[in-house]
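Biologist: Could you take me through this model slowly, one question at a time?

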Number of protein chains: 6
Amino acid sequence: MVDFEFAKDKVMMGAERRSLALSEEEKRVVAYHEAGHALIAAVLPNADPLHKVTIIPRGLALGLTQQLPAEDRYMHGKSYLQDELVVLMGGRLAEQIVFGEDHITTGAGNDLERATELSRKMVCEWGMSHLGPLTFGKREEAIFLGKEFARHQDYSEATAVEIDSEIKRLVETAFARAKEALMKHRPVLDKIADALLEREVLEGEEVYQMVSEHTGVPVDKLKGPGRPSPSTEIV
Amino acid sequence: MVDFEFAKDKVMMGAERRSLALSEEEKRVVAYHEAGHALIAAVLPNADPLHKVTIIPRGLALGLTQQLPAEDRYMHGKSYLQDELVVLMGGRLAEQIVFGEDHITTGAGNDLERATELSRKMVCEWGMSHLGPLTFGKREEAIFLGKEFARHQDYSEATAVEIDSEIKRLVETAFARAKEALMKHRPVLDKIADALLEREVLEGEEVYQMVSEHTGVPVDKLKGPGRPSPSTEIV
Amino acid sequence: MVDFEFAKDKVMMGAERRSLALSEEEKRVVAYHEAGHALIAAVLPNADPLHKVTIIPRGLALGLTQQLPAEDRYMHGKSYLQDELVVLMGGRLAEQIVFGEDHITTGAGNDLERATELSRKMVCEWGMSHLGPLTFGKREEAIFLGKEFARHQDYSEATAVEIDSEIKRLVETAFARAKEALMKHRPVLDKIADALLEREVLEGEEVYQMVSEHTGVPVDKLKGPGRPSPSTEIV
Amino acid sequence: MVDFEFAKDKVMMGAERRSLALSEEEKRVVAYHEAGHALIAAVLPNADPLHKVTIIPRGLALGLTQQLPAEDRYMHGKSYLQDELVVLMGGRLAEQIVFGEDHITTGAGNDLERATELSRKMVCEWGMSHLGPLTFGKREEAIFLGKEFARHQDYSEATAVEIDSEIKRLVETAFARAKEALMKHRPVLDKIADALLEREVLEGEEVYQMVSEHTGVPVDKLKGPGRPSPSTEIV
Amino acid sequence: MVDFEFAKDKVMMGAERRSLALSEEEKRVVAYHEAGHALIAAVLPNADPLHKVTIIPRGLALGLTQQLPAEDRYMHGKSYLQDELVVLMGGRLAEQIVFGEDHITTGAGNDLERATELSRKMVCEWGMSHLGPLTFGKREEAIFLGKEFARHQDYSEATAVEIDSEIKRLVETAFARAKEALMKHRPVLDKIADALLEREVLEGEEVYQMVSEHTGVPVDKLKGPGRPSPSTEIV
Amino acid sequence: MVDFEFAKDKVMMGAERRSLALSEEEKRVVAYHEAGHALIAAVLPNADPLHKVTIIPRGLALGLTQQLPAEDRYMHGKSYLQDELVVLMGGRLAEQIVFGEDHITTGAGNDLERATELSRKMVCEWGMSHLGPLTFGKREEAIFLGKEFARHQDYSEATAVEIDSEIKRLVETAFARAKEALMKHRPVLDKIADALLEREVLEGEEVYQMVSEHTGVPVDKLKGPGRPSPSTEIV
């Protein structure tokens with residue numbers, strides 16, 4: 001079973017890069033960043049359940065928080081997407097709360113990009129904003145690869161302003177919810193970060209246990225409905 | 001006759017994909033989504049008559065509502081197009097009414113895209129909006145395929161604002177009419193969804209029968225003039 | 001002579017497609033659409049004289065109204081262009097007057113596109129609008145074919161707004177004149193449509209005769225100065 | 001000498017196309033259009049001297065007015081350019097004055113395009129407008145041909161509005177001066193047009209004679225400083 | 001030494017084209033245009049010292065003013081760039097002052113283009129304007145040639161307006177300073193132009209002598225710090 | 001050890017180009033420009049520690065200031081980035097303070113470009129501005145090289161205005177801090193520049209010593225946390 005887990009991690013998260021010599025200071029930043037993602041994944045009702053969190057660099061990432069849904073899903077609900085946005089905000093917010101606004105790092109760049117893209121899809125492709133049940137922009141697909149490249153702007157500047165405003169609203173709402181969650185469970189945040197600095201890898205179960213101890217909520221209740229999503233990594 | 005029907009469905013809707021393991025929760029969402037399309041197709045006077053509705057995944061779709069016109073048609077009237085817009089809105093609205101605004105799903109993405117494109121054509125190609133009997137944008141066709149790719153913007157930003165506003169008005173009007181229809185016939189919506197969850201496929205005739213029982217209107221009267229259109233699928 | 005006429009029609013309008021099975025309802029729409037074009041071509045002083053009108057599908061068109069000028073012309077006057085715009089509006093307006101605003105069809109799409117393009121040329125290439133004796137946009141020609149593809153925008157957004165406004169004014173003026181003409185001669189419109197439904201093809205002379213009987217104006221006087229232009233077809 | 005003149009005309013203006021069967025009405029329009037160009041070239045002090053005027057179609061043109069400068073020139077003064085703009089306006093204005101605003105034709109399209117381009121260069125390349133001694137837009141040259149294709153916009157929308165406004169001012173000033181010139185010498189305009197309809201070709205000298213008789217100004221005084229420019233043709 | 005000078009001029013300014021038959025009037029315009037450049041180069045403190053001025057056409061230019069710095073330089077100061085802008089304005093201004101606003105010519109086109117480009121670099125690449133120490137636009141270089149082609153706009157329309165406004169301010173300030181210089185030393189301007197018309201070429205030393213006689217300032221003092229720059233030519 | 005240092009400098013900064021004959025005046029400008037960078041690198045707490053500063057031209061640069069972090073780093077904090085912006089401003093500001101606003105040079109062009117790009121990334125990629133935790137613009141990477149080329153604008157003009165404003169704020173804040181630092185330690189600035197003019201190369205240690213003598217702060221305390229960054233060069 002250990003071998004299977006090892007193989008699966010290598011395929012899903014890339015090979016470990018223990019040779020990367022992060023400074024102690026950097027390791028603390030990464031530990032809190034991942035602890036932020038993990039804690040939020042554990043406490044939000046509609047996000048995918050937390051599977052594992054690590055600060056061993058893998059591929060291009062300096063740390064990883066992995067969520068795994070209970071079963072495969074073929075569509076995503078609005079509340080699931082909103083909670084995933086909050087998970088994505090968790091890394092940057094943990095840095096900000098613990099080290100201060102002046103010491104936030106470039107490490108959250110990839111989280112912010114994914115959050116912005118997800119919000120854009122909620123507004124422009126899935127009709128999940130104040131702009132109503134319309135789509136905006138025409139997909140331009142690379143036929144030979146089946147991969148979407150860009151959306152062609154086919155709307156007015158006035159509509160572009162509204163789209164920007166809705167994307168911002170979705171991300172900032174998620175940011176505020178992430179802040180609330182981390183402030184409320186700050187002791188757990190420290191505990192997760194400390195455990196990561198000590199043991200480098202934590203199973204999701206361990207994090208749920210810490211949250212349960214702090215909140216008094218049983219672990220079963222903490223695990224939300226669970227849906228598939230890629231892991232939230234910090235580059 | 002059964003073999004013919006099977007062959008026709010395969011050609012028109014793609015092969016069945018019974019192997020897709022949707023969760024019970026997802027199946028309920030798909031059932032109500034398709035029930036929304038089907039109910040509206042059955043009660044609107046100018047939409048194409050309902051032929052069949054299913055929640056067996058086919059091709060890229062998780063479910064399908066198929067409308068078939070009484071005979072081939074070579075032009076489309078404004079009232080027909082307006083009613084088809086309402087049918088397209090039916091899936092998303094059923095989800096919203098039954099599961100709540102927070103649980104609308106990504107599954108309506110394709111419906112919204114088609115409704116937006118159809119509205120754009122009504123405004124920009126067929127002179128069916130407040131903007132009057134003009135066309136907007138120059139078609140750019142891929143000569144070798146005969147397929148239209150994009151429309152080149154040849155108008156001012158001020159006109160672009162008016163076009164966006166008219167497209168939005170057409171879609172939102174259709175949305176409001178869909179809401180009215182589903183609220184009014186909510187018991188039939190539940191009945192169709194339940195039947196779909198039980199038997200997976202319903203003939204149009206069965207749906208007309210349910211509507212007739214609920215409204216007291218004879219089936220003949222329910223079937224509108226009927227025009228050809230592709231099926232309304234949920235991805 | 002009949003053979004010559006047959007050959008000329010085939011070359012100029014495409015082969016007949018009697019196999020297209022239009023419904024009775026569609027045939028009525030096409031008949032009134034073409035009757036609208038034909039009636040206006042017959043009563044406006046500066047449009048090309050009416051040559052023939054038919055509801056037998058040819059090529060991509062479901063019906064055709066053919067105008068033929070008395071002799072070849074090498075330049076076009078503003079009043080000729082204005083009257084041709086009115087002829088182009090005649091099809092859509094006949095549908096609207098007879099069947100109601102809700103039942104206008106996609107069949108007028110090509111007419112609207114040609115009217116918009118003609119108006120654009122009057123404004124941007126021929127100095128025939130309030131914008132004065134200037135040209136707007138640079139022609140981009142495909143050298144190898146000698147065919148004009150697009151005009152490159154070389155003016156400000158403010159000018160683009162004025163151009164849109166002048167194009168709209170030209171088309172809407174033509175629309176209003178078309179409405180006036182069809183309302184005034186409504187009995188003739190019905191007579192032409194009925195004759196088309198019965199015999200499918202009418203010579204221009206027959207239409208002039210109907211107009212003459214209704215207005216008391218002799219046929220000679222009805223025929224305007226006459227200039228060459230392509231036929232006005234409904235797709 | 002006659003042979004030389006014939007050869008030079010063929011090279012500079014294209015072969016005659018006497019086979020083009022213009023109607024009497026069209027011939028009158030062309031005659032007045034060319035008379036308008038010719039009269040203005042003869043009375044403006046800084047335009048190139050008038051060499052010849054004809055209504056025999058040549059190449060793509062239905063008529064031609066040819067100006068020839070006294071000697072080759074390597075730079076152009078602002079007053080010369082302003083007067084050439086007035087000559088370009090003369091054709092359209094003659095049509096308008098003689099036949100009325102409703103009967104202006106598409107024949108002036110090429111004149112208007114050239115006037116707009118010339119004005120654009122005065123504003124954007126030669127610093128001859130209220131916008132001051134700057135250039136606007138970057139030239140994009142096709143290296144292999146040495147031919148300028150387009151100017152790349154490298155300025156703001158606000159500047160684009162000012163450029164449009166200055167181009168319009170230059171053309172409209174020229175239009176007003178052309179109107180004044182033709183109104184003042186209307187009898188000569190008729191005389192030139194009549195002579196063209198009768199003899200098809202007029203030497204510049206004949207036109208100067210007519211102007212001289214009407215104004216009392218000796219022919220020598222009429223001929224301005226004279227600079228090279230292409231002939232002003234009507235397509 | 002004469003041969004060396006001849007060879008250097010041919011390499012730096014192109015071969016002489018004595019065959020170009022400029023009219024007497026054109027020669028006077030060129031003489032004053034170059035005299036304007038030369039006089040300003042001689043009186044401004046930070047411009048490169050004047051080396052030679054000629055009205056013999058060379059390459060594409062009808063006349064040339066050549067400045068040569070005392071030694072090679074590897075950076076340029078703001079005051080040097082400002083003075084070079086004034087030298088570039090000198091040609092157009094001499095035409096305007098001597099022949100009048102209506103007789104300014106197309107010959108200054110190249111000067112205006114270079115002045116605009118230089119101002120744009122001061123604002124967008126070197127932080128020498130009110131817009132502060134930022135750069136605007138991304139350079140797009142043709143890798144294979146190492147030659148800069150265009151700057152890609154990566155800023156808002158609002159910033160574009162400010163850039164246009166700063167470029168205009170820089171050029172107009174230089175224009176006003178050029179006007180002041182030429183008005184103040186008008187007798188020297190005439191003297192240089194007369195000498196050019198008589199002898200076609202003047203050494204910089206001769207011009208400095210004329211300025212010294214008129215102002216009483218010794219020649220040594222007139223020569224500024226001197227920096228390298230291409231010659232200021234009139235096409 | 002000397003050979004290693006020589007080899008490392010050649011690889012990191014390019015070969016020396018002692019043949020470039022800068023004038024005495026230019027050498028002074030370069031000395032103060034580099035002294036400006038060096039002094040700020042030495043006094044700011046979060047910038048990388050100063051390693052070496054030189055006015056021997058290398059590669060395309062006329063002088064170089066080299067910073068070396070204490071150890072490799074894999075992420076950058078906001079305060080580090082802010083301090084590096086101030087270091088980049090130091091060269092231009094030294095020129096301005098010592099020689100006056102009119103004598104700032106083109107030599108700072110590369111510094112300004114890098115500062116603008118760094119600020120853009122803080123705003124658009126790393127969520128370090130008032131615009132919040134979103135990204136703006138879609139990266140377009142050249143797949144075959146893994147090199148980022150440009151960011152595609154996928155936001156409204158209104159957002160573009162906000163982005164420009166935040167970039168400007170970041171650069172101007174850095175500019176003001178650089179001014180404060182140089183004004184406060186002006187005597188050290190002169191001392192570094194004089195030493196550079198005399199000996200051409202200074203070790204970082206020497207600069208720290210000068211700052212320590214002037215401020216009374218021990219050298220250890222001056223050296224900030226230290227992070228890797230490329231050298232700040234003047235072209």
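Modeller: Before we start, a helix here is a DSSP run of H or I with at least four residues, numbered from the N terminus. Please keep in mind that this is a predicted model.

Biologist: Which residue follows helix 1 of chain C?

Modeller: Helix 1 of chain C covers residues 2-13 and reaches 16 Å from its first C-alpha to its last, close to the 16 Å expected at 1.5 Å a residue. The residue that follows this helix has a positive phi, near 90°, and is C:Gly14.

Biologist: How many residues of helix 1 of chain C are buried?

Modeller: A residue counts as buried if 20 or more other C-beta atoms lie within 10 Å of its own. Helix 1 of chain C is hardly covered, and among its 12 residues the count of buried ones is 0.

Biologist: What kind of axis relates chain A and chain F?

Modeller: Chain A can be laid on chain F with an RMSD of 0.0 Å, by a turn of 60° and a shift of 0.0 Å along the axis. The two copies are thus related as by a six-fold rotation axis.

Biologist: Which residue of chain A comes closest to the rotation axis?

Modeller: With its C-alpha at 7.2 Å from the axis, the residue of chain A that comes closest is A:Glu157.

Biologist: Which element gives the most to the side of chain D that touches chain C?

Modeller: The contact takes 30 residues from chain D and 24 residues from chain C. On the side of chain D, two or more residues each come from helix 2 (24-43), helix 3 (78-99), helix 4 (109-124) and helix 5 (157-184). The element that gives the most, with 9 residues, is helix 5 of chain D.

Terms used
Residues are numbered from 1 along each chain as its sequence is written. Chains are lettered from A and ligands numbered from 1 in the order in which they are written. This is a predicted model: local features need pLDDT of at least 70, side-chain atom pairs count only at pLDDT 80 or more; totals for chains, interfaces and linings use all residues. The expected span of a helix is 1.5 Å times one less than its number of residues. Copies are superposed by least squares on the C-alpha atoms of residues with pLDDT of at least 70 in both. Two residues are in contact if their C-beta atoms, placed from the backbone, lie within 7 Å.
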